[in-house]
Every structure is written in C-alpha cells, then in structure tokens.
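Dear colleague,

Please find the structure below. My notes on it follow.

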Amino acid sequence: MLDEAPAAGAALHYLERRVPWSHMVGDAAFDDRNAAFWDELCGTNLAREIGVHDASEASLARFDEAYLALYPYLLGYVPPDAFAGRQTLEIGLGYGTLGERLARRGTDYHGLDLAEGPVAMMRARLARVSGARPDQVVQGSALALPYADASFDNVVSIGCLHHTGDLFRAVAETRRVLRPGGRLLMMVYNRRSARRALLGPLLAARHRVRPGTPSAEETLRYFYDGHADGDVAPHTDFVSVPELRGLLSGFRDVRIDRRSIDRVPLGRFEVSRLQLMNLGLDRLVGLDLYAVGYR
Amino acid sequence: MAAADVSDRNAAFWDELCGSHLANQIGVTDASPESLARFDRAYLDLYPYLLDYFPQAAVKDRQLLEIGLGYGTLGEALARLGADYHGLDIASGPVRMMQARLARIEGAKPEQVKQGSALAMPFEDASFDEVAAIGCLHHTGDLFGAIAEVRRVLRPHGRVVIMVYNRRSLRRALAEPRQALARRRDRAGADAALRARYDASASGDAAPHTDFVTASELRGLLHGFGTVRIERRNIDPVPLPLVGGRSRDALLRSGADRLVGLDLYAVAER
C-alpha cells in the first residue's frame, strides 16, 4: 500500500532505470521475489518520513497514529461487533497497524504474509497484547492458504491480493476459508482513479519522448508500491468497480467503496489529501477499492 | 437456495433438453439422424455465429470438454470437427442424447460423456485444452465457483468459450420498468417470470437459477485468464411494425446484437 508519494529523488532514480519486466506469475521464483520485496514492511516510507526506525511500543504507537490519520476511514470497515469473539484471518500484514487493532478488539486473530519481516513484526506486536496468540501469525501464500475450508468468520486483506500474481485465485482462497455467512473485507487498487487518469497519459507521453525510460504502467506501479531504493512491487493488478463486482460474484451483499486520493501538488495552491477527502472526491475517483461481502 | 438444492432442481429441470421448444416448433419429436439433422440446421440458423467461436484449428485433435449439453448440436459439431470430445451435464437426458449422437460418429467416445456437476467436475486438474460452456454456468447457482472449476481443469494456455446472459441487454432494459413494479408486489414471482423468459420448460416452469452479468463483471470473473475477448450476441425481434419493426434476422445482420445483445460470449485463454 502506498503511504505517501515516495520521495522525489527516489522516484527519479527509479524513472531513470530500465526495468526488465519479465516475471513469470505463479512460479517459485516469482514468489521469492514477492517475498523479498515485501520483507521490507509495507509502510516503511511512512515510518521514515515520521522518523520511526525501531519497533518499540512508543515508536509503533506513533506509526499507527500517523497511519490511521492517512487512512481515517480504515477502522470504519472493521466494526467491533463483527470481530469480537470471532475467528479472523488477515492476509498481507505490512507494518501491522490494523492487525494489532483487530487483536485488541478481542478477535481470535490469525495472520498470514508471504514475507518474513511482516510476520516477525506482527508477532512482536501480538506478544504485547494480552490474550493474543503470536503463534497464529505464519508465513505462507495467499494462493494456497494453509487453512481448512470454512475456518474463519472474517477475512481481512488490505492492499495485498492484487500483488499475488493471481487475484482470481486469491479471492477463491478467501472464499474457501470463510465460513458460510463469513465476512470478507478487501482492498485492491482502482483502475479508474484520478491518479491513473491524470498521471497515466503524462507518463506515457514521457515514455514516448524518451524511449529509454520505463513504461507508464511500470512507473505507475512505482508510485503505488515503491521502495526508497527504487525497487517496485513485482506484480500489481488494477481493477475497475464492475470487474471487482464480477470477481466477488461468489459473495452476497457486496458493497464497494472508492477511497483515498493523492494531494494536488500546485505549490501555494496545493490541495491536501484531507481536503479532497473532505470534499468526497475520493469516493468518486479514489485510488483504492474497499469491498465488503459475505460468503 | 442452498447450492445442493439448486443442483438437485437443476438435474430435474434440465432433464428436459434445452432446445425442446425449438424441436416442438419444427416438429422434431424423435432422435433419428434425420430429425436431429433438421434440428441442428434450425438451431444453427438461429445462432449463425455459434460455430465461428470454434475454428477447426482450435478444436481438432484437442481434448475438449463441453459443459451443459442440451440438444447436443454443438457437441456433435465439435466431435465431427475432430475434437477429442468430453461432455458433462447435471441431468441424464442431455447425457443420453449426446451419447446417442456420438455413437453414430466414427472415432467419437460416447463413454466420455458423463453426468455430473459443473461445481465439482469429475476431472483432474489441467485435463483439457479447451472448455466450452454455452448458456450453462449461469444456471449452476455459483457462477464464480463454476468458473474456478473451468480454470482448474484447463491446461495452461488452454482456451475457453463461455456464454452467459447479458444483464445490460435490450430485452432487460425494455422489461425493467415492468419488472421493477412486479418485484414490488411479488419479488420471487417476478424473478421467476424473468428467468422463464430465458429458460422455460414445456410446462412453463422457469429454470431454478439464472445469473445475469454485465460485460465488465464477466471480465472481472475471468480475471484468472490471460487474454479475454467478450462479445454481445443474439437479440429479440422488435415487434413494433408501426415504427419500423425489425425481424431478428435483420437485427442480427445490422449488428444491433453486438451492442445490446442477450448473450455474452467470452473467449479466454488461461
């Protein structure tokens, strides 16, 4: 998940590189690359920005505060009633803000991530939450969840399944492990966002003028999930609202919201993210699609 | 309705072959080769684009599974094109019909036509080069699960041709105002009446379950496939002679079905 636009220097560094774009989705080498990339916790850009460099309780509390200020709507998607006393699986753990909140709400929390870093982080967080079970956080693939059919009342996956290389199968897996009536909450990137609509043509023109630079699509991926050193997420899918509705046709009562938006960087006329969100513009052309549905 | 319940009711409903209306219309009452040839001609006249989705090069000598067999026109054509044909239907009637058809084709294997569910197909992973499901998966009660199964039994780079009903068709648009009113009075009855406009038995019963999807939704459903092409096909006649009513043939020729057609044909590669 993008925490904020990456530092300009890093972006330029990335733009100057030519990235071979030849991964084979679904093979072990691809999974290894995904695991390596996401081993650097998703949220690290934000952590650097606010000067968080360790996992002390105070530092993480500061991170969580900044994170939830960026995504002020996030906790609204996890109503306490739906989680307390229920079995919940989170897929894709990142810095662990949401997972810790869920565990503190008295849900029987299970976590899964392809990479080691986020698993270690979430275990460290849960070790500080009384009654939570750090041993229920494991490393594994969203494409072959290590759980029996109908194991969970909730599956939560924010900004993860579109990186697996097989979004359809990842959704099928969430459906498999949910109990009948169980609730899915997932976020994936919106293909019809203001960012893609405005930035896409600019980057395409740039690519045309300077053929040595990465394609618009590759550059966009960097803006969504890029490391400070210029690495970009191995795979990212973007879907439209109707496509997501089709993908979720195996669920009942599906609701899809658009959320989050980029600031408009016009110098002294800059419009902040929060201002745009207050205007409700993210609900129209937002970056992220939040879907809630029931098995 | 629980999935198992839909499956039981589907097995009963579809035992009366899909296409029986047409057969009645043209006076086909038996399964002699002459009668079936007459049925097939009428059927392919109705859906003149159907075989275009199965060029011989994509079919010949390949292991092909058809799901939902109906009267068997397409299945027989595929077997005659040289496909190594396998068939699956939840009802016994269509299975027997297809077995009878294949028994008359040299080299075809009637024993490869089986009764079973599209939601739990009796085939190993990656068994087929091609899967065809024309007007079937939207009746299973679990379109997503059915497509997941198709993907499972398909080999990498395998090809699928799927037809499901278009939710954004002219028929649906014209019916919508009345449908909205009818739903307020009797939701279940109105839904059944709509389903019956697409699939009804001789006694007038509606198919137990029918999903309608938009082209974009279908694109999402087929996210697990590499390249996907979706086309709208088939259309009702416009019965308004005073304002220049159009026959179905004329509309098909003019390409109106490509915009607001009843059926979505998706061709996809895994």
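At what angle do helix 8 and helix 9 of chain B pack? The model is predicted: local features need pLDDT of at least 70, side-chain atom pairs count only at pLDDT 80 or more, and totals for chains, interfaces and linings use all residues. Residues are numbered from 1 along each chain as its sequence is written, while chains are lettered from A and ligands numbered from 1 in the order in which they are written.

Helix 8 (residues 170-185) and helix 9 (residues 187-198) of chain B pack at about 150°, with their axes 7 Å apart. Axes are lines fitted to C-alpha atoms, for helices over the stretch in contact, and angles run from 0 to 180 degrees between N-to-C directions. The two helices of chain B are therefore roughly antiparallel (angles over 145 degrees). Helices are DSSP runs of H or I with at least four residues, numbered from the N terminus. Helix 8 of chain B contributes B:Ala175, B:Gln179, B:Ala182 and B:Arg183 to the contact, and helix 9 of chain B contributes B:Arg187, B:Ala190, B:Ala193 and B:Leu194 (contact: C-beta atoms, placed from the backbone, within 7 Å).

Chains A and B also touch, with 15 residues from each chain. On the side of chain B, helix 10 (215-221) gives the largest share, six residues.

In chain A, helix 7 (residues 116-127) has 12 residues. Its buried residues include A:Met121 and A:Leu126 (buried: 20 or more other C-beta atoms within 10 Å of the residue's own, placed from the backbone). Among the elements covering them are helix 2 (28-39) and helix 4 (57-70) of chain A.

Kind regards

Notes. The expected span of a helix is 1.5 Å times one less than its number of residues. A residue is buried if 20 or more other C-beta atoms lie within 10 Å of its own, exposed if 12 or fewer, and partly exposed in between; C-beta atoms are placed from the backbone. Two residues are in contact if their C-beta atoms, placed from the backbone, lie within 7 Å. Angles under 35 degrees count as roughly parallel, over 145 as roughly antiparallel, 65 to 115 as roughly perpendicular and the rest as oblique.
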